[in-house]
Amino acid sequence: MQVVLLAFDWFFLIEKLVLIIGIISVSLVIAMYETYAERKVAAVMQDRRGPNRAGPFGILQPLADGLKLFMKEEIIPNTSNRMLFVLGPCLAMLTAMMTSAVIPWGGNIEVFGRQVSLQITDINIGILYVFGVVSMGVYGIMIGGWASNNKFSLLAALRGASQVISYELPMGLSLIALLMLTGSLKMSVIVGQQMDGWYNVLYQPLGFLIFLICAFAECNRTPFDLPEAENELNFGYHQEYSSMKLGFYLFAEYINMFISSVIMATLFWGGYDIPFVNDAALMERIGQNWMALLQGLCLFAKTAIFIFLFMWVRWTIPRFRYDQLMNLCWKRLIPLALFNMILTAAVVLWLKK
Amino acid sequence: MQSLTSRARPVERKPMTFVERLYLWNIWKGMMITFRHIFKRKATISFPEQKRPFSPVFRGLHILNRDEEGRERCTACGLCAVACPAEAITMEAAERLPGEEHLYREEKYAAKYEINMLRCIFCGLCEEACPKDAIYLSETFAPSNYQRKGLIYGKPDLLIPDPKENPEEYRKALGNRAKKQEAN
């Protein structure tokens, strides 16, 4: 019995723990600097300078913002449902972080003579897991809006919930078309196929476009930020929130943005593959660990481009009206995604004949 | 009704064309506009390091002037206080004693001279009323303060530095507006 206990692979546990802590802290830091980037991008697009007082180029600004949020008074409205009120932001944060578990952040690295995969878990239903966790994100909004016991928050929560659920449909349909090509739900397999061949976006341009639009809607980013509509619903579901609970909601939004950018990069733009480079030859030259580092950086570069796109769109176009939002989803995107799916299926069948 | 300018356009309420209904092309056009703005010149002035130049007719904080020998020009005649539409100026006159000739130009001087910067509207009528060129408005503005009494400026706040003791500061405080006045 004791022998069996000792035979447990402790290195595996430590390796995964280190990986989880690393990935979570990286996504937190990235979410922090996304707030900075957002303000800078907004500023340069409006011919302003943006934050430049805290530290060189204002890079300490996110720390100052975080400190400010911590220092604020914690207010829980006395008519609210206390338990749910606290649960809302926790859930939003939790679901935002959980998705990162199945994303391959790079190739294998060699530590103390062991092959360590830069992916927390390579489950064979990778995409389904992502999908499941993302749909749980709507609970953060719903619970927050409901527990605030306030008409504006409730309206915003209802809007948000119906929006997120609606946009999951075309997102799923566009993914089905992609999965017909890859034949696997495993994230590592999808990336591996793209490393050998072309990127999926070349086979699925329409699918990518639909996925992109739905990702905007799922992250509640402009032009789909109806749940927090500042001017009509007083910041929507986080109206009653203050201090770090508000901070968690805002943070969860930025983490969601980061994670969905990573997923888009992974599914459609080759993941951690270094573009225009023969991977095997480069691996020979610089060794496995350096290769994994380069691949990770490559994935982050692709992600950064998507994050910039998110911000670029946000500071360009206004918000959709609610009926326009629903029309776009049910009358345009779903038929388009269905068409894309059937077309893909037909082509796949025709080529296999 | 005839329009005043040629810029007025009636609102178009045509149904959207197919391309417009796709949104994407128009969104792309909008995005190109915002992208171009990234490279445009920034309108911001980084304030403490960089200051916006005042125009030559700017009327800012008051300065009580001295003559070339460093004597106060003000004789406490009270014309500025009378001219002031906001009634911001109060003063108390005193007689110059023997031995004070190097301090005051005339036989009478202002022992107390106060301007309430919260009342002042910076119209410059005091400057125009002054027969001795003793008061003029400079190219600075009143800094903010935590208390009302901090914004009632007395003689120590308003007097220009002595041109004999520190001529450099005197010239700096004199600025452009005072020179114009001396020429008159």
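**Exercises on cores, a hairpin and a loop**

The largest nonpolar core has 82 residues, and Phe211(A), Cys214(A), Ile255(A), Phe258(A) and Met264(A) have the most contacts inside it. Here a nonpolar core is a set of buried Ala, Val, Leu, Ile, Met, Phe, Trp, Tyr and Cys residues joined through C-beta atoms within 7 Å. This is a predicted model, where local features need pLDDT of at least 70, side-chain atom pairs count only at pLDDT 80 or more, and totals for chains, interfaces and linings use all residues. Residues are numbered from 1 along each chain as its sequence is written, while chains are lettered from A and ligands numbered from 1 in the order in which they are written.

**Exercise 1.** Find the helix that gives the core its largest share.

*Solution.* Start with helices, which are DSSP runs of H or I with at least four residues, numbered from the N terminus (strands: E, at least two). Helix α11 (residues 243–268) of chain A supplies 16 residues, the largest share.

**Exercise 2.** How do β1 and β2 of chain A pair?

*Solution.* Pairing takes at least two DSSP bridges between the strands. β1 (residues 108–111) and β2 (residues 114–117) run antiparallel over 4 bridges. Asn108(A) sits opposite Ser117(A). The two strands make a hairpin with 2 residues between them, and Phe112(A) in the turn has a positive phi of about 50 degrees.

**Exercise 3.** Is Asn78(A) buried or exposed?

*Solution.* First locate Asn78(A): the loop between α3 (61–71) and α4 (82–98) of chain A. Next, the cut-offs: 20 or more other C-beta atoms within 10 Å of its own make a residue buried, 12 or fewer exposed, in between partly exposed, with C-beta atoms placed from the backbone. Asn78(A) has 7 such neighbours, so it's exposed.
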